[in-house]
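This briefing covers aromatic rings and helix packing. Keep the structure in view while reading the points below.

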Amino acid sequence: MKKTFLGNSQKVLKKFAAATLAAVTLVTALPSQAFAAKATTIQDIYISENSYAETMDSVVEPYIEAYKKTGYLTGEKKVSLYYETYAKENAKGTVVISHGKGENLEKYDEMIYYFLNMGYSVYGMEHRGHSRSGRLGIDETQVSVDSFDNYCKDLKKFVDQVVIPQAGSDNLYLFAHSMGGGIGARFLEKYTNVFDAAILSAPMLEINSGSIPPFFAKLLAHGLSITPYENKYIPGAGPFNATYNFDGAHTRSEVRYTRAWETRIANPELQMGGNSYQWLSEAYYAAAKATSILEASKVKIPVLLFQAGQDTLVEDGGQKTFAKYAKNCTIIRFEDAKHEMYAEKDVVLSIYLDRVFTFLENN
(Lines give C-alpha, C1' and ligand atoms only; values in the text may rest on other atoms or scores of the structure.)
Protein backbone atom coordinates (compact mmCIF):
# COMPACT_ATOMS: atom_id res chain seq x y z
CA MET A 1 0.00 0.00 0.00
CA LYS A 2 1.40 3.38 -0.96
CA LYS A 3 2.04 5.90 1.76
CA THR A 4 0.01 9.12 1.51
CA PHE A 5 -0.71 12.09 3.75
CA LEU A 6 -3.77 10.12 4.83
CA GLY A 7 -1.79 7.28 6.37
CA ASN A 8 1.48 5.42 6.83
CA SER A 9 2.71 2.34 4.98
CA GLN A 10 2.33 -0.84 7.00
CA LYS A 11 5.21 -2.64 5.36
CA VAL A 12 8.27 -2.78 7.60
CA LEU A 13 11.84 -3.31 6.51
CA LYS A 14 13.87 -4.27 9.59
CA LYS A 15 17.17 -2.71 8.83
CA PHE A 16 19.24 -0.48 11.06
CA ALA A 17 22.28 1.65 10.32
CA ALA A 18 24.65 3.16 12.87
CA ALA A 19 25.18 6.91 12.87
CA THR A 20 28.86 7.88 12.92
CA LEU A 21 30.13 11.43 13.05
CA ALA A 22 33.70 11.98 11.87
CA ALA A 23 35.98 13.78 14.31
CA VAL A 24 37.44 16.33 11.97
CA THR A 25 38.32 20.00 12.11
CA LEU A 26 37.08 22.58 9.63
CA VAL A 27 40.59 23.49 8.51
CA THR A 28 41.77 19.97 7.72
CA ALA A 29 38.49 18.53 6.44
CA LEU A 30 37.46 20.86 3.65
CA PRO A 31 38.77 20.90 0.11
CA SER A 32 40.02 24.22 -1.21
CA GLN A 33 37.06 24.54 -3.60
CA ALA A 34 34.68 24.49 -0.63
CA PHE A 35 36.56 27.29 1.13
CA ALA A 36 36.60 29.35 -2.05
CA ALA A 37 32.83 29.09 -2.43
CA LYS A 38 33.32 29.97 -6.09
CA ALA A 39 32.24 26.81 -7.83
CA THR A 40 31.85 27.32 -11.56
CA THR A 41 28.86 24.98 -11.64
CA ILE A 42 26.97 22.92 -9.10
CA GLN A 43 28.60 19.81 -10.56
CA ASP A 44 31.97 21.01 -9.23
CA ILE A 45 30.78 20.34 -5.68
CA TYR A 46 28.07 17.75 -6.23
CA ILE A 47 28.05 14.91 -3.70
CA SER A 48 27.45 11.54 -5.35
CA GLU A 49 25.76 8.63 -3.67
CA ASN A 50 28.98 6.61 -3.95
CA SER A 51 30.74 8.73 -1.32
CA TYR A 52 27.71 10.31 0.32
CA ALA A 53 28.01 9.33 3.99
CA GLU A 54 31.74 10.01 4.18
CA THR A 55 31.47 13.37 2.40
CA MET A 56 28.54 14.53 4.52
CA ASP A 57 30.48 13.71 7.71
CA SER A 58 33.89 15.02 6.75
CA VAL A 59 33.08 17.92 4.44
CA VAL A 60 29.47 19.11 4.46
CA GLU A 61 28.67 19.16 8.17
CA PRO A 62 31.87 20.94 9.28
CA TYR A 63 31.52 23.42 6.44
CA ILE A 64 27.96 24.51 7.15
CA GLU A 65 28.54 24.41 10.91
CA ALA A 66 31.09 27.21 10.49
CA TYR A 67 28.30 29.47 9.18
CA LYS A 68 25.46 28.23 11.33
CA LYS A 69 23.76 30.38 13.96
CA THR A 70 20.54 29.45 15.73
CA GLY A 71 17.79 31.30 17.52
CA TYR A 72 14.13 31.48 18.43
CA LEU A 73 11.42 34.02 17.71
CA THR A 74 7.83 34.25 18.86
CA GLY A 75 5.26 33.44 16.22
CA GLU A 76 1.49 33.85 16.13
CA LYS A 77 -0.30 33.03 19.39
CA LYS A 78 3.07 33.09 21.16
CA VAL A 79 4.32 29.84 19.60
CA SER A 80 8.10 29.51 19.84
CA LEU A 81 9.79 29.14 16.43
CA TYR A 82 13.29 27.71 15.99
CA TYR A 83 15.45 29.05 13.16
CA GLU A 84 18.92 28.78 11.65
CA THR A 85 20.95 31.33 9.69
CA TYR A 86 23.91 30.82 7.35
CA ALA A 87 25.07 34.26 6.29
CA LYS A 88 27.79 34.81 3.68
CA GLU A 89 29.66 38.03 3.01
CA ASN A 90 28.99 39.53 -0.42
CA ALA A 91 26.30 36.96 -1.12
CA LYS A 92 24.66 36.74 -4.54
CA GLY A 93 21.32 36.61 -2.75
CA THR A 94 19.52 35.04 0.19
CA VAL A 95 17.55 31.78 0.14
CA VAL A 96 14.77 31.14 2.66
CA ILE A 97 13.83 27.47 3.19
CA SER A 98 10.26 26.38 3.94
CA HIS A 99 10.31 22.66 4.82
CA GLY A 100 7.70 19.94 4.41
CA LYS A 101 5.36 18.16 6.82
CA GLY A 102 7.17 16.27 9.56
CA GLU A 103 10.56 17.58 8.47
CA ASN A 104 13.40 19.45 10.15
CA LEU A 105 16.16 21.76 8.96
CA GLU A 106 18.85 19.05 9.27
CA LYS A 107 17.18 17.31 6.34
CA TYR A 108 18.30 20.25 4.19
CA ASP A 109 22.00 20.19 5.16
CA GLU A 110 23.05 19.03 1.71
CA MET A 111 21.00 21.76 0.02
CA ILE A 112 22.35 24.37 2.46
CA TYR A 113 25.88 23.28 1.54
CA TYR A 114 25.14 23.74 -2.16
CA PHE A 115 23.50 27.13 -1.66
CA LEU A 116 26.44 28.40 0.43
CA ASN A 117 29.09 27.14 -1.97
CA MET A 118 27.27 28.69 -4.90
CA GLY A 119 27.35 32.06 -3.15
CA TYR A 120 24.00 32.37 -1.38
CA SER A 121 23.16 33.03 2.25
CA VAL A 122 20.58 30.65 3.71
CA TYR A 123 17.87 31.10 6.33
CA GLY A 124 15.44 28.47 7.57
CA MET A 125 12.72 28.21 10.20
CA GLU A 126 11.02 25.09 11.55
CA HIS A 127 7.28 25.58 11.18
CA ARG A 128 4.97 25.63 14.19
CA GLY A 129 4.18 22.17 15.46
CA HIS A 130 7.44 20.80 14.07
CA SER A 131 10.68 19.62 15.66
CA ARG A 132 12.26 22.34 17.85
CA SER A 133 9.42 24.82 17.35
CA GLY A 134 6.41 24.73 19.64
CA ARG A 135 4.42 21.49 19.31
CA LEU A 136 0.65 21.70 18.81
CA GLY A 137 -0.53 18.07 18.75
CA ILE A 138 -2.06 15.79 21.35
CA ASP A 139 1.37 14.25 21.97
CA GLU A 140 4.98 15.26 21.34
CA THR A 141 5.14 13.95 17.79
CA GLN A 142 1.74 14.60 16.19
CA VAL A 143 1.67 17.14 13.36
CA SER A 144 -1.19 19.57 13.93
CA VAL A 145 -1.89 23.23 13.36
CA ASP A 146 -4.36 25.77 14.67
CA SER A 147 -4.66 27.65 11.37
CA PHE A 148 -2.78 27.30 8.08
CA ASP A 149 -2.68 31.08 7.83
CA ASN A 150 -0.47 31.09 10.93
CA TYR A 151 2.22 29.23 8.98
CA CYS A 152 2.30 32.22 6.62
CA LYS A 153 2.21 34.79 9.42
CA ASP A 154 5.09 33.01 11.16
CA LEU A 155 7.15 33.00 7.97
CA LYS A 156 6.45 36.72 7.47
CA LYS A 157 7.67 37.46 11.01
CA PHE A 158 10.79 35.40 10.36
CA VAL A 159 11.55 37.28 7.16
CA ASP A 160 10.81 40.69 8.71
CA GLN A 161 12.57 40.17 12.04
CA VAL A 162 15.50 37.93 11.13
CA VAL A 163 16.14 37.62 7.39
CA ILE A 164 15.79 41.17 6.08
CA PRO A 165 17.68 42.85 8.95
CA GLN A 166 20.65 40.59 8.16
CA ALA A 167 20.34 40.21 4.40
CA GLY A 168 19.73 43.89 3.78
CA SER A 169 19.23 44.64 0.10
CA ASP A 170 20.04 41.12 -1.11
CA ASN A 171 17.62 39.51 -3.52
CA LEU A 172 15.34 37.16 -1.57
CA TYR A 173 14.52 33.70 -2.92
CA LEU A 174 12.09 31.17 -1.50
CA PHE A 175 12.92 27.46 -1.62
CA ALA A 176 9.84 25.55 -0.47
CA HIS A 177 9.03 21.82 -0.42
CA SER A 178 5.72 19.94 -0.09
CA MET A 179 3.73 21.39 2.84
CA GLY A 180 6.32 24.17 2.85
CA GLY A 181 5.47 24.68 -0.82
CA GLY A 182 1.80 25.02 0.05
CA ILE A 183 2.78 27.54 2.70
CA GLY A 184 5.04 29.21 0.14
CA ALA A 185 2.29 29.51 -2.47
CA ARG A 186 -0.09 31.11 0.02
CA PHE A 187 2.71 33.39 1.26
CA LEU A 188 3.43 34.61 -2.28
CA GLU A 189 -0.27 35.34 -2.72
CA LYS A 190 -0.65 37.16 0.60
CA TYR A 191 2.66 39.04 0.56
CA THR A 192 3.38 39.78 -3.08
CA ASN A 193 6.42 42.05 -2.69
CA VAL A 194 8.66 40.08 -0.31
CA PHE A 195 10.46 37.56 -2.53
CA ASP A 196 12.12 38.25 -5.86
CA ALA A 197 11.65 34.68 -7.10
CA ALA A 198 10.55 31.32 -5.71
CA ILE A 199 11.21 27.60 -6.16
CA LEU A 200 8.32 25.30 -5.23
CA SER A 201 9.40 21.66 -5.06
CA ALA A 202 6.48 19.19 -5.14
CA PRO A 203 4.27 21.82 -3.47
CA MET A 204 1.23 20.58 -1.55
CA LEU A 205 -1.45 22.15 -3.74
CA GLU A 206 -3.60 19.03 -4.06
CA ILE A 207 -3.35 16.19 -1.55
CA ASN A 208 -3.27 12.58 -2.69
CA SER A 209 -6.08 10.89 -0.76
CA GLY A 210 -5.06 7.40 -1.82
CA SER A 211 -7.94 4.96 -2.14
CA ILE A 212 -10.38 7.42 -0.55
CA PRO A 213 -12.26 9.59 -3.09
CA PRO A 214 -11.03 13.20 -2.76
CA PHE A 215 -14.51 14.64 -2.16
CA PHE A 216 -15.19 12.21 0.67
CA ALA A 217 -11.73 12.74 2.18
CA LYS A 218 -12.26 16.49 2.27
CA LEU A 219 -15.78 16.12 3.68
CA LEU A 220 -14.50 13.80 6.40
CA ALA A 221 -11.59 16.06 7.33
CA HIS A 222 -13.68 19.23 7.43
CA GLY A 223 -16.49 17.55 9.33
CA LEU A 224 -14.34 15.94 12.01
CA SER A 225 -12.24 19.09 12.42
CA ILE A 226 -15.20 20.77 14.12
CA THR A 227 -15.83 17.89 16.52
CA PRO A 228 -13.90 16.54 19.52
CA TYR A 229 -12.04 14.37 16.98
CA GLU A 230 -10.22 17.38 15.53
CA ASN A 231 -6.97 16.49 17.28
CA LYS A 232 -7.19 12.75 16.73
CA TYR A 233 -4.85 11.02 14.31
CA ILE A 234 -6.26 10.38 10.87
CA PRO A 235 -6.71 6.69 9.91
CA GLY A 236 -3.42 4.88 9.49
CA ALA A 237 -1.41 7.60 11.20
CA GLY A 238 0.08 7.62 14.68
CA PRO A 239 3.00 8.79 16.83
CA PHE A 240 6.58 8.70 15.57
CA ASN A 241 7.66 5.26 14.37
CA ALA A 242 11.41 4.62 14.59
CA THR A 243 11.32 1.67 12.16
CA TYR A 244 13.67 1.87 9.20
CA ASN A 245 11.41 1.65 6.14
CA PHE A 246 13.11 2.50 2.86
CA ASP A 247 10.32 0.71 0.99
CA GLY A 248 7.96 3.46 2.18
CA ALA A 249 10.41 6.29 1.53
CA HIS A 250 9.66 9.26 -0.72
CA THR A 251 13.07 9.17 -2.37
CA ARG A 252 14.80 6.46 -4.36
CA SER A 253 18.18 7.34 -2.82
CA GLU A 254 18.75 4.96 0.07
CA VAL A 255 21.89 6.70 1.30
CA ARG A 256 20.04 10.02 1.58
CA TYR A 257 17.03 8.36 3.20
CA THR A 258 19.29 6.56 5.67
CA ARG A 259 21.06 9.72 6.78
CA ALA A 260 17.78 11.55 7.40
CA TRP A 261 16.50 8.53 9.36
CA GLU A 262 19.69 8.31 11.45
CA THR A 263 19.45 12.03 12.25
CA ARG A 264 15.91 11.65 13.58
CA ILE A 265 16.78 8.54 15.59
CA ALA A 266 19.70 10.37 17.22
CA ASN A 267 17.64 13.43 18.17
CA PRO A 268 14.18 13.03 19.79
CA GLU A 269 13.45 16.71 19.12
CA LEU A 270 13.27 15.92 15.39
CA GLN A 271 10.91 12.97 15.66
CA MET A 272 7.55 13.68 14.07
CA GLY A 273 4.57 11.38 13.58
CA GLY A 274 1.33 11.53 11.61
CA ASN A 275 -1.13 14.37 11.30
CA SER A 276 -4.44 15.31 12.88
CA TYR A 277 -7.85 15.90 11.27
CA GLN A 278 -7.42 19.58 12.11
CA TRP A 279 -4.16 19.75 10.13
CA LEU A 280 -5.70 17.89 7.19
CA SER A 281 -8.73 20.16 7.09
CA GLU A 282 -6.56 23.27 7.17
CA ALA A 283 -4.34 21.84 4.43
CA TYR A 284 -7.35 21.21 2.17
CA TYR A 285 -8.67 24.74 2.69
CA ALA A 286 -5.23 26.25 1.99
CA ALA A 287 -4.75 24.25 -1.21
CA ALA A 288 -8.16 25.35 -2.49
CA LYS A 289 -7.29 28.99 -1.86
CA ALA A 290 -3.79 28.72 -3.32
CA THR A 291 -5.06 27.29 -6.61
CA SER A 292 -7.97 29.67 -7.10
CA ILE A 293 -7.64 32.14 -9.95
CA LEU A 294 -8.29 35.03 -7.55
CA GLU A 295 -5.31 34.13 -5.35
CA ALA A 296 -2.84 32.50 -7.75
CA SER A 297 -3.08 35.39 -10.21
CA LYS A 298 -1.60 37.65 -7.54
CA VAL A 299 1.76 35.89 -7.93
CA LYS A 300 3.75 37.86 -10.47
CA ILE A 301 7.34 37.00 -9.56
CA PRO A 302 9.20 34.22 -11.41
CA VAL A 303 8.32 30.80 -9.97
CA LEU A 304 9.99 27.48 -10.78
CA LEU A 305 7.73 24.54 -9.89
CA PHE A 306 9.10 20.99 -9.76
CA GLN A 307 6.82 17.98 -10.21
CA ALA A 308 7.63 14.36 -9.40
CA GLY A 309 6.13 11.71 -11.65
CA GLN A 310 6.20 9.06 -8.88
CA ASP A 311 4.75 11.31 -6.18
CA THR A 312 2.31 9.51 -3.85
CA LEU A 313 1.73 12.40 -1.45
CA VAL A 314 0.54 15.23 -3.67
CA GLU A 315 -1.29 15.28 -6.99
CA ASP A 316 -0.04 17.37 -9.90
CA GLY A 317 -3.46 18.80 -10.77
CA GLY A 318 -3.26 21.55 -8.18
CA GLN A 319 0.26 22.39 -9.26
CA LYS A 320 -0.85 22.76 -12.87
CA THR A 321 -3.75 24.97 -11.85
CA PHE A 322 -1.51 27.24 -9.79
CA ALA A 323 1.00 27.47 -12.65
CA LYS A 324 -1.79 28.32 -15.09
CA TYR A 325 -2.98 31.32 -13.08
CA ALA A 326 0.33 32.58 -11.68
CA LYS A 327 1.79 35.14 -14.06
CA ASN A 328 5.30 33.71 -14.49
CA CYS A 329 5.45 30.07 -13.40
CA THR A 330 7.47 27.36 -15.16
CA ILE A 331 6.94 23.64 -14.47
CA ILE A 332 9.77 21.10 -14.67
CA ARG A 333 8.74 17.47 -14.26
CA PHE A 334 10.90 14.46 -13.38
CA GLU A 335 8.95 11.36 -14.38
CA ASP A 336 11.13 8.93 -12.44
CA ALA A 337 11.36 10.98 -9.23
CA LYS A 338 9.53 10.50 -5.96
CA HIS A 339 8.25 13.32 -3.77
CA GLU A 340 11.57 14.41 -2.23
CA MET A 341 13.39 15.50 -5.38
CA TYR A 342 15.92 17.53 -3.37
CA ALA A 343 17.07 14.22 -1.83
CA GLU A 344 16.69 11.94 -4.85
CA LYS A 345 19.10 9.62 -6.64
CA ASP A 346 22.00 11.18 -8.53
CA VAL A 347 20.34 10.73 -11.92
CA VAL A 348 17.56 13.11 -10.81
CA LEU A 349 19.23 15.32 -8.22
CA SER A 350 22.17 16.42 -10.36
CA ILE A 351 19.81 17.73 -13.06
CA TYR A 352 17.40 19.15 -10.46
CA LEU A 353 20.23 21.19 -8.95
CA ASP A 354 21.32 22.47 -12.36
CA ARG A 355 17.80 23.78 -12.89
CA VAL A 356 17.69 25.32 -9.40
CA PHE A 357 20.90 27.30 -9.79
CA THR A 358 20.27 28.30 -13.40
CA PHE A 359 16.94 29.74 -12.21
CA LEU A 360 18.59 31.62 -9.33
CA GLU A 361 21.33 33.01 -11.55
CA ASN A 362 18.75 34.29 -14.02
CA ASN A 363 16.53 35.93 -11.41
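Tyr46, Tyr63, Tyr67, Tyr113 and Tyr114 form a cluster, linked by ring pairs. The model is a predicted one, and it holds 20 aromatic pairs.

- Phe148 is buried, and so is Tyr151.

**The pair Phe306 and Tyr352**
- The ring centres of Phe306 and Tyr352 are 4.3 Å apart, and the planes are at 40 degrees, so the pair counts as tilted.
- Phe306 is in strand 7 (residues 303–308) and Tyr352 is in helix 12 (residues 346–362), so the pair ties together parts that lie 46 residues apart in sequence.
- Phe306 has a relative accessibility of 0% and therefore counts as buried, since the cut-off is under 20%.
- Tyr352 is also buried, because its relative accessible area is 0%.

**A charge over a ring**
- Lys101 places its charged end over the ring of Trp279, at 5.8 Å from the ring centre.

**Helix 5 against helix 9**
- Two packed helices are described by the angle and the distance between their axes.
- For helix 5 and helix 9 (residues 277–290), the angle is about 70 degrees and the axes are 8 Å apart.
- Helix 5 and helix 9 are therefore roughly perpendicular, as the angle falls in the range of 65 to 115 degrees.
- From helix 5, the contact involves Phe148, Asp149 and Tyr151; from helix 9, it involves Trp279, Glu282, Ala283, Ala286 and Lys289.
- The residues in this contact of helix 5 with helix 9 are 5 nonpolar, no polar and 3 charged.

**Helix 3 against helix 8**
- Helix 3 (residues 52–65) and helix 8 (residues 254–266) have axes that come within 10 Å and cross at roughly 55 degrees.
- Helix 3 is therefore oblique to helix 8.
- Helix 3 contributes Tyr52, Ala53, Met56, Asp57 and Glu61 to the contact, while helix 8 contributes Val255, Arg256 and Arg259.
- The contact of helix 3 with helix 8 has 4 nonpolar, no polar and 4 charged residues.

Technical notes:
Residues numbered from 1 in each chain as written. Predicted model: local features only at pLDDT ≥ 70, side-chain atom pairs only at ≥ 80, totals over all residues. Heavy atoms only, no water. Phe/Tyr/Trp six-rings, centres within 6.5 Å; stacked < 30°, edge-to-face > 60°. Buried < 20%, exposed > 50% of the residue type's maximum accessible area, 1.4 Å probe, protein only. Helix = DSSP H or I, 4+ residues; strand = E, 2+ residues; numbered from the N terminus. Lys NZ or Arg CZ within 6 Å of the ring centre and 35° of its normal. Axes fitted to C-alpha atoms, helices over the stretch in contact; angles between N-to-C directions. Parallel < 35°, antiparallel > 145°, perpendicular 65-115°, else oblique. Contact = heavy atoms within 4.5 Å. Nonpolar A, V, L, I, M, F, W, Y, C, P; charged D, E, K, R; others polar.
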